[in-house]
Amino acid sequence: MSTTPTATIVGAGSIGVAFAVQFARSGFHVRMWDALPEALPRAARDRADRVRLLHEHGLIDEPVEVVLARISDHEILYDALRDADLVQECAPEQLPIKRDLFRMIGSYSPAHAVLASSSSAIPASAFADVTPARDRVLIGHPGNPPYLIPVIELVGGRATSEATMQTADQLYRRAGLRPVRVRSEIEGFIFNRLQGAVLREAYCLVRDGVASADDVDEVMRSGLGRRWAFIGPFETVDLNTRGGIASHALKMGPAYERMGAERGQHDPWTEELVATVAAQRRDLLPLGQWEDRVRWRDEMLMEISRVLQAESGSPSRPVDAHRTAS
């Protein structure tokens with residue numbers, strides 16, 4: 001790998017543009033290719049707009065032109081793959097397309113390059129077999145857009161080497177992303193399984209007349225979402241109950257079990273499972289530090305509240321989500 005890594009983006013749609021912005025703002029050389037030549041001029045306009053917006057919000061220190069100059073467009077895939085350290089495939093979520101692309105990517109990319117797919121649900125083993133370079137193929141599934149949501153899921157296939165996983169981790173961290181290793185090839189990985197669980201219940205609540213779509217969104221944006229913006233579901237309940245997550249499971253576990261059974265899902269929190277999660281939480285946060293972390297959580301929520309109040313223009317009026325989204 002050279003001193004300055006090169007990332008090749010295969011597919012110039014919205015995810016491809018977002019990756020190009022993130023890699024370029026992190027100092028990578030970026031090469032973009034798309035099977036449709038007309039996609040490249042549109043991608044150039046889109047990424048220029050995103051970089052300018054990031055600069056206006058103080059999230060990029062360099063001049064816009066300097067960041068954009070790191071990105072080049074290529075009509076020939078072979079040229080785009082030249083000297084690539086990381087290939088990020090961003091094509092539509094269709095298995096035949098991915099198989100065709102990885103057949104070419106595996107043939108034309110340098111022997112050291114990590115070959116990653118942005119697939120949201122299709123596992124790497126479903127298309128890696130088309131190339132002898134299958135040991136270098138993995139999933140690098142981002143949050144959208146990765147220049148604002150830094151998590152990226154790394155999911156190896158049956159043939160992916162540990163060296164490839166480690167190199168991918170290093171490259172993504174260098175690009176300012178936060179890799180999470182998914183330890184089993186399951187459809188949807190972690191991100192979309194968590195999102196899917198929330199969406200399934202949200203649809204049921206609307207179907208059953210419990211709430212409107214906006215009621216559900218309001219509970220999320222003014223409730224769960226505020227905490228989940230900086231801590232996850234395990235830390236949330238760990239900090240909500242004195243004694244931590246083990247105490248929470250003892251008090252609330254039966255109710256959650258009944259709610260799951262109501263939806264036909266019987267996944268009780270067994271003593272062994274709770275003990276495993278509790279031990280992991282205590283490794284991260286000993287109970288002796290619990291009160292300090294609760295105070296930190298409250299200060300973070302205060303900061304979010306301050307920003308949202310400034311946006312709404314009134315301490316008592318919530319942000320109008322429809323107005324701010326327009």
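In the predicted model, Trp269 lies in the loop that falls between helices α10 and α11. Together with Met252, Tyr256, Met259 and Leu273, Trp269 makes up a nonpolar surface patch of about 480 Å². The largest share of this nonpolar patch, amounting to three residues, is contributed by α10.

On the α10 side the contact is made by Ile245, Ala246 and Ala249, whereas α11 contributes Val274, Val277, Ala278, Arg281 and Arg282. Sorted by class, the contact of α10 with α11 comprises six nonpolar and two charged residues, with no polar residue taking part.

Side chains of opposite charge can pair when their charged atoms come close. A search of the whole structure returns 22 salt bridges, and one between Asp100 and Arg103 has its closest N and O atoms 3.1 Å apart. Both residues belong to helix α5, which covers residues 95-108, and since Asp100 and Arg103 are three residues apart in that helix, about one helical turn separates them.

Two features of the backbone remain to be described. Most residues other than glycine have a negative phi, and most peptide bonds are trans. Against this background, the peptide bond that joins Asn144 and Pro145 is cis, with omega at about 0 degrees; Pro145 is placed in the loop between β6 (137-142) and β7 (151-156). Asp83, a residue other than glycine, has a positive phi, with a value near 70 degrees, and is found in the loop between α4 (77-81) and β4 (86-89).

Note on methods:
Residues numbered from 1 in each chain as written. Predicted model: local features only at pLDDT ≥ 70, side-chain atom pairs only at ≥ 80, totals over all residues. Heavy atoms only, no water. Contact = heavy atoms within 4.5 Å. Helix = DSSP H or I, 4+ residues; strand = E, 2+ residues; numbered from the N terminus. Nonpolar A, V, L, I, M, F, W, Y, C, P; charged D, E, K, R; others polar. Patch = residues over 30% accessible without salt bridge, like charges linked within 9 Å, V, L, I, M, F, W, Y side chains within 5 Å. Areas by Shrake-Rupley, 256 points an atom, 1.4 Å probe, with all protein chains shown as cover. Salt bridge = Lys/Arg side-chain N within 4 Å of Asp/Glu carboxyl O.
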